[in-house]
Amino acid sequence: VGESIVRQMLARTVYGWLADGMELRRALEAGVALVDDDKGGDVGLIGVTATDQASACNAGMPVAVLAA
């Protein structure tokens with residue numbers, strides 16, 4: 001899975017989608033789908049921006065959100 005994340009330049013790819021205006025959760029879900037399509041395996045992404053927070057995964061991933 002790690003090789004797939006590097007091969008997809010996953011962090012850069014997701015950042016590019018965010019810079020183009022894609023909603024955070026959608027960008028993270030699209031990133032997870034890239035890894036699923038490439039190699040499979042469990043992967044999860046967490047994203048935090050100045051105005052939003054989200055996560056996405058293809059397997060069960062514990063998540064906690066702190067309210068401001």
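User: Which strands each supply at least two residues of the lining of the largest pocket?

Analyst: Good place to start! Keep in mind that this is a predicted model. Rolling a probe the size of a water molecule over the atoms shows where empty space is left. Here, strand 1 (44-48) and strand 2 (53-57) each give at least two residues to the lining of the largest pocket.

User: How much space lies in the largest pocket, and which residues are closest to its centre?

Analyst: The largest pocket holds about 160 Å³ of space. Its lining is made of 13 residues, and I46, A54, V63, A64 and V65 are the closest to the centre.

User: How do the lining residues divide into nonpolar, polar and charged?

Analyst: Nine of the residues in that lining are nonpolar, three are polar and one is charged.

User: Now for the core. Which residues make up the largest nonpolar core?

Analyst: The idea is to look for buried nonpolar residues joined through their side chains. In this model, the largest such core has 11 residues: L10, V14, L24, A27, L28, V32, V35, V43, L45, A54 and A56. Helix 2 (10-19), helix 3 (24-38) and strand 2 are the elements that contribute two or more residues each. Helix 3 provides the largest share, with five residues.

Technical notes. Residues numbered from 1 in each chain as written. Predicted model: local features only at pLDDT ≥ 70, side-chain atom pairs only at ≥ 80, totals over all residues. Heavy atoms only, no water. 1 Å grid on protein atoms, 1.4 Å probe; cavity = no way out; pocket = protein on both sides within 12 Å on 5 of 7 lines; lining within 4 Å. Points joined across faces, edges and corners; volume = space filled by probe spheres on them. Helix = DSSP H or I, 4+ residues; strand = E, 2+ residues; numbered from the N terminus. Nonpolar A, V, L, I, M, F, W, Y, C, P; charged D, E, K, R; others polar. Core = buried A, V, L, I, M, F, W, Y, C linked by side-chain atoms within 4.5 Å. Buried < 20%, exposed > 50% of the residue type's maximum accessible area, 1.4 Å probe, protein only.
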